[in-house]
Amino acid sequence: MEVSGKNPCDVRPFYWKQGLDPQEGHRPALMPNRQEAADGMDITWDVPVTMRDGVKVYVDVFRPTGATGKQPIIFTFSPYGKHGPKTFDIFPGADVPKGWVSKYAVWESIDPVVWTRKGYAVINGDSRGSWGSEGDLEIFSAQESRDGHDCIEWAGTLPWSNGKVGMIGVSYLSIVQWGIAATNPPHLAGFVPWEGFTDFYRDYTHHGGIPETKFLYFTQWSCRCGVNLVEDLIANNKAHPLLDDYHRSKCAFANLAKITTPTYVVADWGDHGMHTRGTLNGFTGISSKEKWLEVHGRKKWRYFFEEESVRRQEAFFQKYLKGEPSEIDGYPKVRLEIRDRAYVGEFRDEKEWPLARTKCVKKYIDTKARALVDTPPTSITIASYNSEVQDDCVHFYLDFDKDTELTGSMNLRLWVSSDGADDMDLFVQLDKIDCENKVTPYVAFSMIDDGPLV
């Protein structure tokens with residue numbers, strides 16, 4: 001439904017729906033400032049934090065038991081629910097072993113048990129309008145960024161805080177970091193956006209100009225719980241099929257240059273339909289003098305929790321939140337996994353991204369030969385397929401006579417037509433064919449072991 005007078009991005013139409021009762025979503029009733037000592041932590045549940053407009057959002061605070069002195073804080077913010085879920089079973093193939101994440105961890109973020117032992121406090125917040133937090137829930141919004149700013153400033157001035165707050169998290173918990181960082185909270189000392197995006201329209205809802213028709217529904221499902229109104233993401237994207245102020249209101253891309261905070265950015269090669277492009281653009285677009293980029297070819301959730309990844313996360317926070325020397329001073333500014341196939345590849349240190357030594361090569365499609373060739377064909381030929389048959393397509397081959405590395409961006413320009421239609425969506429896939437004429441598998445979308453190269 002469209003609710004009159006509720007138009008946060010000043011674009012019409014804007015649709016809302018009534019949020020699902022948080023208790024139906026298995027969220028316990030709010031018990032503000034309830035305290036508990038457990039698993040080496042002093043926990044305060046459901047702490048109200050007042051935003052600049054008077055709205056209260058609720059956070060959980062985890063501190064090392066018996067901690068003395070001032071502590072650095074790691075902050076997360078999302079509408080997924082600070083109470084859970086704690087299992088990756090809803091995503092078969094994620095390969096995160098049971099027991100890697102405790103019952104205190106927010107979905108797609110760090111485990112407070114692990115990080116309080118390292119001397120950090122962890123604060124997890126439910127964004128405005130989600131679960132027990134007051135207000136209405138607008139997804140990926142500028143309001144969410146302002147609220148994140150206010151939470152960081154509240155956290156940074158707590159009596160036991162050392163005044164340095166960091167952010168970390170995957171996907172939504174990464175995306176929101178870009179928007180918050182662009183507001184430049186004075187107490188934000190560093191952030192780790194781990195595979196998110198920076199352009200709501202181009203990276204997510206209309207990747208390549210094609211309307212997203214599946215994961216959008218998962219986002220709506222994930223952001224449905226709240227005591228008031230929640231954004232009807234499906235209706236709003238149907239009402240705004242083209243890039244307009246609705247999409248721009250959710251886009252951190254235009255504000256990336258405002259970001260000057262130290263940043264450790266992580267992307268993966270296998271998430272092209274969601275996270276890869278936007279994360280790389282985030283790294284290149286920010287103005288931070290101290291920034292690192294890591295790009296891997298593994299499954300993002302498992303990789304996030306692996307011991308080596310946690311060690312690198314801690315090295316970043318040790319320097320920027322604790323103010324202590326750490327091994328990050330010896331890290332390369334760019335670290336890339338050069339993949340051969342799924343789970344086979346080597347990490348290589350680089351000085352910049354994109355790689356300055358990249359050699360761009362132009363190839364032409366020869367529809368008659370079904371190949372990519374060095375010179376434009378001299379005659380007009382046609383390659384066609386039946387779009388009404390699932391997985392029907394046309395293949396064009398390029399043979400390599402020497403070892404070749406493809407690391408960077410690609411562009412494709414096509415002339416196409418469709419019988420009986422005035423529009424079409426094209427999905428372009430790159431596969432690596434081995435010497436036995438078999439398709440080489442690659443990790444894709446955090447759950448797939450036999451995906452395409454791109």
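Residues are numbered from 1 along each chain as its sequence is written. In this predicted model, local features need pLDDT of at least 70 and side-chain atom pairs count only at pLDDT 80 or more, while totals for chains, interfaces and linings use all residues, and side-chain values use heavy atoms, with hydrogens and water left out.

Colleague: How many salt bridges does the count come to?

Modeller: Side chains of opposite charge can pair when their charged atoms come close. A salt bridge is taken here as a side-chain nitrogen of Lys or Arg within 4 Å of a carboxyl oxygen of Asp or Glu. By this rule the count comes to 32.

Colleague: Which residue forms a salt bridge with Glu 294?

Modeller: The closest N and O atoms of this pair are 3.1 Å apart. Glu 294 lies in strand E11 (residues 291-296) and its partner in strand E12 (residues 334-341), so the pair ties together parts 41 residues apart in sequence; helices (H or I, at least four residues) and strands (E, at least two) are DSSP runs, numbered from the N terminus. The partner is Arg 335.

Colleague: Is Glu 294 buried or exposed?

Modeller: Buried means under 20% relative accessible area, exposed over 50%, and partly exposed in between (1.4 Å probe, protein chains only). The relative accessibility of Glu 294 is 1%, so Glu 294 counts as buried.

Colleague: Over which ring does the charged end of Arg 335 sit?

Modeller: A charge sits over a ring if NZ of Lys or CZ of Arg is within 6 Å of the ring centre and within 35 degrees of the ring normal. For Arg 335 the distance to the ring centre is 4.0 Å, and the ring is that of Phe 347.

Colleague: What kind of aromatic pair do Phe 200 and Tyr 246 form?

Modeller: Rings of Phe, Tyr and Trp (its six-membered ring) pair if their centres lie within 6.5 Å; planes under 30 degrees apart count as stacked, over 60 as edge-to-face and the rest as tilted. The structure holds 36 aromatic pairs. In this one, the centres are 6.3 Å apart with 75° between the planes, and the pair is edge-to-face.

Colleague: Which helices hold Phe 200 and Tyr 246?

Modeller: Both residues are buried. The pair ties together parts that are 46 residues apart in sequence, because Phe 200 lies in helix H4 (residues 200-205) and Tyr 246 in helix H7 (residues 245-248).
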